[in-house]
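Keep the structure open beside you and try each task before reading its solution.

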Amino acid sequence: MTTHSLDMRFAAACAIAREAGVLARKRFLERPRSQRPDFKGPQDFLTATDAEVEELIRRRLGELFPEDSFFGEEGGGSFERDVWVVDPIDGTANFARGIPHFAISIAFVRDGRTEIGVVYNVMQAELYSAQRGRGATLNGEPIKVSGLSDMRQATVEAGWSSRLPPEPYIKAVEQLKTSGANVRRAGSGTLGLAYVADGRIDAYCELHINSWDVLAGLLIIEEAGGWTNNFLAKDGLRNGNPVLACTPELAPNLMAATGIAKEP
């Protein structure tokens, strides 16, 4: 794939994320009149807006790049050599309960390597983006991870998944607190990763998460000078994996505290 074709996809992903964000913001401001949340499982929210936003993104990308495959959290799809991996609203529980902390995630993967990552923080109109080898930006301005090295000064977001029992999560949080870290959970892994890239927090960890939640954010962190585990190992694209992303200086201590290794 040529540099020009990747540049075209990068520009398109940024524009489509913003367009989809306009729709998501409109639906958020309409609630609760327009919809009530449904559940896919315990604490696993679904709203009509998830499907609506995903369909907009799928349609726009299909019109521009019909040769690419597409996989979305809600509608599924296929994983071909060139694939767009999309979460239309990460932080659906926040969205459904009227909390303005959710994001759109769009990643482009070629031959098992993420080449483009775009995260749009809908309610703050913040576009995080990265193209491999080109650095990371927030609304066009370069960003870097915090560079923090002291766990006693670190803020770590620890995501939680209903796919796992609570005990391992509780143990990881206890270990992080024992190490001196401030631990938070805000309900959007996508935005948690974006905040690591921007130095707003110093690390994000989760014992299992799906690829559509993290691929865009992980590339943005890498391009912002951060450290990430090898999330795509062992078919993480299809099956998900543990995720750990942080400043390079914190990686050894965080691996010890969470039990998440470089190689899943």
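On a 1 Å grid over the protein atoms alone, a pocket is an open set of points with protein on both sides within 12 Å along at least five of seven lines, while a cavity is a set where a 1.4 Å probe fits but cannot get out; lining residues have an atom within 4 Å of a point. Grid points are joined across faces, edges and corners, and a volume is the space filled by probe spheres set on the points.

The model is predicted: local features need pLDDT of at least 70 and side-chain atom pairs count only at pLDDT 80 or more, but totals for chains, interfaces and linings use all residues. Residues are numbered from 1 along each chain as its sequence is written, and side-chain values use heavy atoms, with hydrogens and water left out.

**Exercise 1. Describe the second largest pocket.**

Step 1: The volume of the second largest pocket is about 180 Å³.
Step 2: Its lining is made of 13 residues, and Thr 114, Arg 132, Glu 222, Phe 231 and Leu 232 are the ones nearest the centre.
Step 3: Two or more of the lining residues come from each of β7 (113-121) and α6. Here helices (H or I, at least four residues) and strands (E, at least two) are DSSP runs, numbered from the N terminus.
Step 4: With four residues, α6 gives the most to this lining.
Step 5: Sorted by class, the lining has five nonpolar, five polar and three charged residues. Ala, Val, Leu, Ile, Met, Phe, Trp, Tyr, Cys and Pro count as nonpolar, Asp, Glu, Lys and Arg as charged, and the others, Gly among them, as polar.

**Exercise 2. Find the largest cavity and say what lines it.**

Step 1: There is one cavity of 30 Å³ or more in the structure, and the largest cavity holds about 50 Å³ of space.
Step 2: Among its lining residues are Trp 160, Pro 168, Tyr 169 and His 208.
Step 3: α4 (166-178) and β13 (203-209) each supply at least two lining residues, and the largest share, three residues, is from β13.
Step 4: The classes are six nonpolar, three polar and one charged.

**Exercise 3. Check the length of α4.**

Step 1: After α4 comes Gly 180, with a positive phi near 105°.

**Exercise 4. Which members of the largest nonpolar core touch the most others?**

Step 1: A nonpolar core is a set of buried Ala, Val, Leu, Ile, Met, Phe, Trp, Tyr and Cys residues joined through side-chain atoms within 4.5 Å. Buried means under 20% relative accessible area, exposed over 50%, and partly exposed in between (1.4 Å probe, protein chains only).
Step 2: The core has 36 residues, and Val 85, Val 119, Tyr 128, Ile 143 and Ile 220 touch the most other members.
Step 3: α6 (211-223) is one of the elements supplying at least two core residues, and its eight residues are the most that any gives.

**Exercise 5. Classify the ring pair of Phe 71 and Phe 79.**

Step 1: Rings of Phe, Tyr and Trp (its six-membered ring) pair if their centres lie within 6.5 Å; planes under 30 degrees apart are stacked, over 60 edge-to-face and the rest tilted.
Step 2: This rule gives seven aromatic pairs. In one of them, Phe 71 and Phe 79 are stacked, at 4.4 Å centre to centre with 20° between the planes.
Step 3: Phe 71 is buried because its relative accessible area is 14%, and Phe 79 is buried at 16%.
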